[in-house]
Amino acid sequence: MAAASAAAKGCRKIGGAQIRALLEAKELFLFDCDGVLWHGEKAVAGAAQVVNSLVRRGKSVAFVTNNSTRPRDKYLRKFSRLGFTAVALEHIFSSSYCSALYLRDVADLGAGAGARDQEQSQGPEPVPGRVFVVGGDGLRDELRQAGVPCVEEADDESPGATIYDCALATDVKAVLVGHDDRLTFLKLAKASCYLRDPDCLFLATDNDPWHPLSGGRILPGSGSLTAALEVASGRKATVIGKPGRFMFECVSGQFPGVEPARCLMVGDRLESDMLFGSNCGLDTVLTLTGVSGMEEARRYGDSQLPADRGLVPDYVVDTVADFLPALEEADGP
């Protein structure tokens, strides 16, 4: 009964001719990475062949990941290392890269438009303020490459400093929260102090609560750090990555003219990937190689809550490699 109800709302397991028709109908394919294309340093079997074949057939591909721990150039090296030979830097949209674009182009922090036209200008635009980052080196690298200035982690801080006696920067205009495996209580306290200023932006790279590790263990995600600051500050963060729409705006800027109806979002997490697709008007495919499973998708499909509808995938496949037979058939002998 539950399966039939979910199927009526979406959540359809597809294969064969259905996959072939879906691939033919779409122009731009958006892929999550962890859990869809790879697990750690091991590619999902057949995933590289699928991506390479799509590009070879003239389809556009984009990679939308909430993982903010590495800059795009390191992602590109990982794609190459794992056999995704058709991937280019401009195909990669991480939450750290999109956060840098938001701070530069929307919040107008850093050099802004002047950084894009530096060769024609007499120098960079005045810097209106800096960003306090709760995050790692990969996030900071993306901000620096975009010309967005950050408060250095050890800026005016003496050993053994506490929130009672540490220095606080006077020019912080935004707090950005990402994954931070060197999080300290002092860093949270400083961020809380900056957020007392209502004009200070409060941004999060993503709101993923946790990430799976081997052996059944989990790693707290950026969403758990953001939640702590939301409680401390009494404010809600603006989420840049999935399921927010800004990441798709970044993708659309790279692939102008592509209509959402001609795009397909492929992911493994209902609360980020499927909701992202729904929020942006994209058809969605859930792969069962990552976080979410069919039973969870069916529960959302059976829910009477309108907010749960956006978490239900349109289609389900066991693995992204299920696309391969249709692609090979189209390629011919």
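Start with D273 and K242: both are buried, meaning under 20% relative accessible area, where over 50% is exposed and anything in between is partly exposed (1.4 Å probe, protein chains only). Before going further, a word on what you're looking at. This is a predicted model, in which local features need pLDDT of at least 70, side-chain atom pairs count only at pLDDT 80 or more, and totals for chains, interfaces and linings use all residues. Residues are numbered from 1 along each chain as its sequence is written, and side-chain values use heavy atoms, with hydrogens and water left out.

Back to our pair. The side chains of D273 and K242 form a salt bridge at 2.6 Å, N to O; the term covers a side-chain nitrogen of Lys or Arg within 4 Å of a carboxyl oxygen of Asp or Glu. D273 sits in helix 11 and K242 in the loop between strand 12 (238–239) and helix 10 (246–254), 31 residues apart. Helices (H or I, at least four residues) and strands (E, at least two) are DSSP runs, numbered from the N terminus. D32 joins in too, as D32, K242 and D273 are linked in a network of salt bridges.

K78 meets E41 at 3.9 Å, N to O. That pair links distant parts of the chain, with K78 in helix 4 (residues 72–81) and E41 in the loop between strand 3 (38–39) and strand 4 (42–43), 37 residues apart. K78 counts as buried because its relative accessibility is 3%, while E41, at 46%, counts as partly exposed. Then there's R182 with D137, at 3.2 Å, N to O. R182 is in the loop between strand 8 (172–177) and helix 8 (185–194) and D137 is in helix 7 (residues 137–145), so this pair ties together parts 45 residues apart in sequence.

Now go back to helix 11, residues 270–279. Strand 13, helix 11 and strand 14 make a right-handed β-α-β unit; right-handed means that, with the strands pointing away from you, the path from the first strand over the helix to the second runs clockwise. Strand 14, helix 12 (residues 294–302) and strand 15 make a right-handed unit as well. Look at V285 in strand 14: its bridge partners include V266 and Y315. Why is strand 14 (residues 283–287) largely enclosed by the rest of the structure? Because four of its five residues are buried.

Last, the largest pocket, which holds about 690 Å³ of space. A pocket is an open set of points on a 1 Å grid over the protein atoms alone, where a 1.4 Å probe fits, with protein on both sides within 12 Å along at least five of seven lines; lining residues have an atom within 4 Å of a point. The volume is the space filled by probe spheres set on the points, which are joined across faces, edges and corners. Of its 31 lining residues, D34, G35, N67, H211 and P212 lie nearest the centre. Helix 11 turns up again here: strand 3, helix 4, strand 10 (210–212) and helix 11 each supply at least two lining residues.

How values were computed
Two strands pair if DSSP finds at least two bridges between them.
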